[in-house]
Structures are given as C-alpha cells and as structure tokens.
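Welcome! Please take a look at the sequence and the 3D structure below, and then read on for a short tour.

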Amino acid sequence: MIRDTNLRYFLRKQGISPNFVKNPKLMENKKRTEIAELGEFGLIDRLTRAFGKGNPSTVAGVGDDAAVIAPAEGEVVLCSTDTLYEGVDFDLTYFPLKHLGYKAVTAGVSDILAMNGTPEQIVVSLGLSSKLPVEALDDLYEGIAFACREQRLDLVGGDTKASMTGLVLGITAVGAAARDRVVYRSGARKHDLICITGNLGAAYMGLRLLEREKRVLGDAENPEPQFAGYEYLLEKYLKPRPRTDVVEALAEEGIVPTSMIDLSDGLSGDLLQICKASKCGARIYLDRIPIARQTSALAEEMHTDPVIAALNGGEDYELLFTVPLAVRERVMRLGLVDVIGHITDEASGAFLVTPDGSEIRLRAQGFPEKEAAN
C-alpha cells in the first residue's frame with residue numbers, strides 16, 4: 001500500500017499527470033518518433049533489445065519465426081492469452097503506459113498461477129495506431145520489462161500490426177507445472193473450503209474513481225483530480241500484482257487446491273465458473289468477504305454498496321480456490337488466505353449468506369436477487 005501522503009508526488013510516482021484529463025502522460029514527451037520511421041522490424045528490435053533469456057525452459061526466443069520452449073521431464077506446458085483493447089479495457093487519458101504494460105503481464109501470469117503453475121515466458125502482440133509515438137511504446141515496454149524481471153519471465157516473441165481502433169495489447173503467457181499438481185476448475189468437492197487471497201472490489205472502485213474525475217474535470221482549464229485518501233484503490237486498478245506468493249506458499253506447505261481460478265470477473269461470476277465446472281453448489285458468507293477500508297469509504301461516498309464491487313467488480317487478480325476441510329489449519333497458517341465459505345451439492349445452488357441467515361442467489365452479473373434456497 002502506498003503510504004506517501006503528498007498527492008502530487010504520488011501522481012508523478014504513478015506516472016499520472018496532475019492535469020491528466022487535458023494532458024495525457026503519453027503525449028508529454030518532448031521528442032516524438034513516428035513508428036513509420038523505424039518500420040516493423042526496427043520497432044521490434046528497439047522494444048525487445050533489453051530482454052534476454054533466464055529460464056532453462058527457454059531454448060530460443062525473439063529473433064526466430066517461433067519460440068522454442070522445452071519443459072522439464074514430468075512437467076506439462078500451460079498457455080493462456082489475454083487481449084486488452086483501448087476504449088474497452090483501458091483509457092489512455094488516465095492509464096500510464098508503463099502501468100498498462102505491467103498490468104497486461106499480470107493478467108497473463110495470473111491465469112498460469114490459477115492452474116497452480118509457474119509462469120516462465122510471455123509473447124506480446126500489438127495493434128498500433130499512428131497517434132502513438134515510439135517513445136510511448138518505450139514506456140509500455142518498460143512496464144512489461146519490469147514485470148518480467150519481477151516475475152522471472154522471458155519475452156520470447158510477438159507481433160505488431162496497424163490498428164484503426166486504437167491500441168490493442170495481447171499477452172500470451174506460457175508456464176509449466178508438474179503433471180500431477182495441475183489444478184483445474186473442475187476439482188471442487190462437497191465440503192471443500194472456499195478460499196480467497198487479498199481483498200475484493202478495490203480495483204473496481206479505483207476505476208470508478210478515475211472515471212469520476214475524468215467526467216467531472218473534462219472541461220476544466222487546470223484540472224486537479226481528487227485522489228487523496230484513495231491511493232490504494234488506484235494502485236490496485238492501475239498496477240495489480242499477481243499472487244505468485246500464494247502459489248509458492250501453498251507449494252511449500254504441500255497443499256494442492258482441489259480447484260482454482262483467478263478473480264478477473266468478480267467473485268460471483270468466477271465462483272459460478274468453479275461450480276459449473278465442478279458440478280457443485282456453494283455457500284459464501286457476507287461477513288467473511290474481505291473488503292478494504294478505502295473500498296468501503298469510496299463506495300459510501302459514491303452511494304453504492306461495496307459488496308457489489310466485491311461480487312461483480314472484477315480485475316482484482318486475486319486467487320479463488322478450494323481445499324479439503326482437513327487442511328483448514330494449514331491454509332490458515334499461511335496468513336495470506338481468507339476462508340469465506342464451503343462447497344455444497346449441485347442441487348442446492350450457489351448463494352451468498354447474510355449475517356441474519358438469509359440467502360441470496362449468486363449471479364454472474366449485477367447484484368444477486370434475494371430468494372429462498374432450493
């Protein structure tokens with residue numbers, strides 16, 4: 001959590017201009033090199049020159065028609081792709097490109113972690129519009145490179161194409177896992193405990209905060225966004241960190257979850273994915289869902305319910321997983337996990353249980369409707 005209370009210092013640290021509506025960060029560079037000046041291969045060479053090989057499984061990376069990856073004996077390869085579209089998944093008015101690069105890697109890495117794997121390589125594909133100078137792409141790749149160093153990843157390839165609809169950023173993440181330790185969504189069983197990492201809804205409220213300030217300050221001559229007191233929410237939205245620490249801690253404790261998924265679409269929708277794949281029901285308890293103080297405070301300020309953000313906000317990139325009841329004490333010893341419910345029969349459905357015992361059926365979108373249990 002960011003502790004510096006100087007707002008302008010925080011904005012500079014995050015790469016956000018205090019005048020972020022009128023003067024996006026990506027346009028502040030004094031020098032502007034057009035992409036056409038370098039050409040496709042020159043651009044690729046410039047953007048990837050700082051990347052090398054670090055993982056033994058990386059045989060060949062950037063520079064050939066395809067990457068060559070060789071997992072160790074007894075391991076399987078895991079692969080996942082995420083695509084982010086300007087105007088749909090991010091807004092460059094307030095999203096620093098360094099953070100966008102970092103977040104894109106987090107999205108890819110989180111999928112590998114959710115299979116109980118170790119991320120090792122990424123492939124980056126770009127759809128580029130002429131409005132972006134080469135220097136802006138340098139910032140984007142600086143964020144990607146930082147994430148790669150932090151997560152011990154090798155950049156092993158990519159592609160660039162022209163885009164008529166703004167920036168498009170695709171990340172393919174590749175990882176490995178022991179064949180007998182891969183975790184699927186389909187393994188949850190009756191009486192398993194439902195666990196989550198971190199707190200929920202902060203990323204969604206960070207997005208709401210940025211959108212509010214953009215809307216309010218759109219016509220201001222010298223806009224001054226009001227972020228003070230909500231720095232944690234901005235960080236959770238702009239620069240979410242993958243929960244590699246949790247997967248490593250589970251491995252050290254010898255715990256293999258029975259099912260797992262990363263929380264990219266909100267607790268309600270992602271838990272329903274586990275229930276669908278595992279052919280089971282679930283009960284989660286409202287008073288056990290961790291919600292950060294800043295999330296609750298901003299939700300109150302915006303006259304909304306923080307539970308909505310937790311259930312349906314998405315982009316938390318925490319991990320939701322199930323474990324047998326017998327390992328409860330070992331899981332709790334990790335200090336990184338909250339147990340919020342348990343798995344039930346498929347016929348009983350999936351519900352949120354309120355402190356007074358009422359049950360609210362979980363739905364993938366929108367706030368769940370209150371109804372009696374089946």
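This is a predicted model: local features need pLDDT of at least 70, side-chain atom pairs count only at pLDDT 80 or more; totals for chains, interfaces and linings use all residues.

Residues are numbered from 1 along each chain as its sequence is written, and side-chain values use heavy atoms, with hydrogens and water left out.

**The whole chain**

- The protein chain has 11 helices and 13 strands. Helices (H or I, at least four residues) and strands (E, at least two) are DSSP runs, numbered from the N terminus.
- Of the 374 residues in the protein chain, 54% are buried. Buried means under 20% relative accessible area, exposed means over 50%, and partly exposed lies in between, using a 1.4 Å probe and protein chains only.
- Among the contacts in the protein chain with a separation of 6 or more, 84% come from residues 24 or more positions apart. A contact means heavy atoms within 4.5 Å.

**The four-stranded sheet**

- Strands of a sheet pair through backbone hydrogen bonds, either parallel or antiparallel. Here, two strands pair if DSSP finds at least two bridges between them.
- Four strands make an open sheet with mixed pairing, in the order β3-β6-β4-β5. The edges belong to β3 and β5, each with a single partner strand, so one side of each has no neighbour in the sheet.
- On average, neighbouring strands of this sheet are turned by 15° against each other, direction ignored. Axes are lines fitted to C-alpha atoms, for helices over the stretch in contact, and angles run from 0 to 180 degrees between N-to-C directions.
- Strand β3 (residues 75-85) runs antiparallel to β6, and 11 bridges join the two. Leu78 stands opposite Gly175 in β6.
- Strand β4 (residues 118-128) is also antiparallel to β6, with nine bridges. Here Leu126 has Leu169 in β6 as its bridge partner.
- How enclosed is strand β6 (residues 168-178)? In this strand, 10 of the 11 residues are buried, so β6 is largely enclosed by the rest of the structure.
- β4 pairs with strand β5 (residues 154-162) in the parallel sense over eight bridges. Gln121 has Asp154 in β5 as its bridge partner.
- Between β4 and β5 the chain passes through helix α4 (residues 134-151), and this β-α-β crossover is right-handed. That term applies if, with the strands pointing away from the viewer, the path from the first strand over the helix to the second runs clockwise.
- Val123 stands opposite Gly157 in β5.
- Helix α3 lies across β3, β4 and β6, at about 35° to β6. Helix α4 packs on the sheet too, touching β4, β5 and β6, and its direction makes about 170° with that of β4.

**The seven-stranded sheet**

- Seven strands form an open sheet in the order β8-β10-β7-β11-β9-β12-β13, again with mixed pairing. Its edge strands are β8 (259-263) and β13 (359-361), which each pair on one side only.
- Neighbouring strands of this sheet are turned by 25° against each other on average, direction ignored.
- Strand β12 (residues 350-353) and β13 run antiparallel, joined by three bridges. Phe351 stands opposite Arg361 in β13.
- Helix α8 (residues 267-278) packs on this sheet, and the strands it touches include β7 (193-197), β9 (281-285) and β10 (318-323). The direction of α8 makes about 155° with that of β8.

**Helices and their neighbours**

- Two packed helices are described by the angle between their axes and the distance between the axes.
- Helix α5 (residues 202-216) and helix α6 (residues 231-238) pack at about 105°, with their axes 7 Å apart. They are therefore roughly perpendicular to each other; angles under 35 degrees count as roughly parallel, over 145 as roughly antiparallel, 65 to 115 as roughly perpendicular and the rest as oblique.
- Residues of α5 including Met205, Leu207 and Leu209 meet residues of α6 including Tyr232, Leu233 and Tyr237.
- Eight of the eight residues of α6 are buried, so this helix is largely enclosed by the rest of the structure. Among them are Glu231, Glu235 and Lys236.
- In helix α7 (residues 244-253), the buried residues include Thr244, Val246 and Leu250. The buried residues of α7 pack against α3 (97-113), α4, β7 and β10.
- Just after α7, Gly254 takes a positive phi of about 75°.
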